[in-house]
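Here are my notes on the model you sent over, written as numbered points. Have the sequence and the 3D view open while you read.

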Amino acid sequence: MNLTMMGIDFVHAPLKQRERVSFVRGQVQALLPQLAEMPGVAGCVLLATCNRTELYVHGEDGVSLDPLAMLARAAGFDAAVFRGLSVTRTGDTCVQHLMAVAAGLESQIFGDDQILTQVRDAAALAREAKTMDSVLDTLFRRAVTAGKRVRTEVRLTGVPASAATAGVRRAQDFFGALEGRRAVVIGNGEMGRRAAEALRAQGCAVTVTLRSYHHGETIVPAGCDTFPYDRRCEVLEGADLAVSATTSPHFTLTAQQIRDLRQPPRLLLDLAMPRDIEQAAGEDARVTLYNLDDLGDLDDSRNDAAKRAAARILEEEQAEFYRWHAYRQALPVIAQIKDTALDRLHFDHAYGDLYREGDMDGLMELAVGKTVDLLLGGMKELVDAGRLEACLAHMRKGSGR
């Protein structure tokens, strides 16, 4: 199995470098066909989130692939710059890593529940782009199953569910309490809505800025006011805190815009990748600016038991993937076994006699008996009563016996 991946994540690269290789949905859709057309590529999936950019590639047998060089070529950046800021995994370690990522065990915020959706979406984009082959498709399906099982079967104690929740926790630490504070959320995507909901739950008066509003189509968290995005600086005046979480390629707040405010928000939370708020805005003595890397590692020892339980689930799902792959690898041999068994029957004199006599029951009994004897005779070292009983149970499932 020629499986390899390349990752640039929060462990190996600072935010300033990560945002240079951060891709939004449209960019991923454009990159995937280019990657799939490269020599030796059987399938590929590109996972791009706030804290990681990972390219998974299944290569043709005997072909050595360099996912970092491939992505650099397609996206137009210098691979040499990121060689020391990335990690490459192959084979088993690649499988183990994806399972752990989908379960939120490799997230900057341990147990992050957004990553499962992001893994599922990355797989869906690859299917739409027709760059997903059967090996990667099965691997990602098993990874999503692993993530779901960890989420439902394992209790993670005292861990924020997402970057939005972690940002609100940081705001609570900053202010002491959020009850009665006025907050502005720039961005009404999933991250922005989560932040708005979490702030409302803590008693904040929340205003969400919108570029446009379509009744019945635009989803605004309950209890939140709305304000035009183009006039965002007006609503920021006198607010206690502002959260920005968009996919915009441009800054939603510049240092100059913050300087121009008579009373800017005391706290700015930038939950976007690439960053929404110009870093220089944090130099204003009136404000404090936090971005994704400032949320810190919120993992703690209370989750040791949960990690062990999650690890068992991941091992089970990895085993299922390997069983599927082993069966897939055996299919050509299975076809040869069928052909060989048929050839042996054709050369059996009893077969010819029964055929001429029109003895269909005899023919079936001979065919089944010969095939079973030939098959089991070649696997004497592997055959035992337990395996045969399991095989018998499988055969009887559809027979009504």
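**Cores, pockets and cysteines**

1. Let's start inside. This is a predicted model, and its largest nonpolar core takes in 62 residues. Leu35, Leu55, Leu71, Val119 and Phe140 are the ones with the most contacts inside that core. Helix α7, residues 134-153, gives the most to this core, with eight residues.

2. Which residues is Val119 in contact with, leaving aside its neighbours within four places in sequence? They are Leu47, Leu98, Val101, Ala102, Phe140 and Val144. Phe140 is also on the list of residues with the most contacts inside the core.

3. As background, nonpolar side chains in soluble globular proteins tend to be buried together.

4. The largest pocket has a volume of about 920 Å³. It is lined by 33 residues, and the closest to its centre are Val24, Arg25, Glu190, Thr246 and Thr247.

5. Which element gives the most to the lining of the largest pocket? That is α6, with six residues. At least two residues each come from α2 (25-36), β2 (41-48), α6 (114-128), α9 (190-201) and β6 (205-210). Sorted by class, the lining has 17 nonpolar, 12 polar and four charged residues.

6. The second largest pocket holds about 740 Å³ of space. Its lining is made of 16 residues, and Leu375, Leu376, Met379, Leu388 and Cys391 are the closest to its centre. Two or more lining residues come from each of α12 (304-346), α14 (360-377) and α15 (385-396). By class, the lining of the second largest pocket has 13 nonpolar, one polar and two charged residues.

7. Last, the cysteines. How many disulfides are there, if a pair of sulfur atoms has to lie within 2.5 Å? The count comes to zero.

Key
Residues are numbered from 1 along each chain as its sequence is written. This is a predicted model: local features need pLDDT of at least 70, side-chain atom pairs count only at pLDDT 80 or more; totals for chains, interfaces and linings use all residues. Side-chain values use heavy atoms; hydrogens and water are left out. On a 1 Å grid over the protein atoms alone, a cavity is a set of points where a 1.4 Å probe fits but cannot get out, and a pocket is an open set with protein on both sides within 12 Å along at least five of seven lines; lining residues have an atom within 4 Å of a point. Grid points are joined across faces, edges and corners, and a volume is the space filled by probe spheres set on the points. Helices (H or I, at least four residues) and strands (E, at least two) are DSSP runs, numbered from the N terminus. Ala, Val, Leu, Ile, Met, Phe, Trp, Tyr, Cys and Pro count as nonpolar, Asp, Glu, Lys and Arg as charged, and the others, Gly among them, as polar. A nonpolar core is a set of buried Ala, Val, Leu, Ile, Met, Phe, Trp, Tyr and Cys residues joined through side-chain atoms within 4.5 Å. Buried means under 20% relative accessible area, exposed over 50%, partly exposed in between (1.4 Å probe, protein chains only). Contact means heavy atoms within 4.5 Å. A disulfide is a pair of cysteine sulfur atoms within 2.5 Å.
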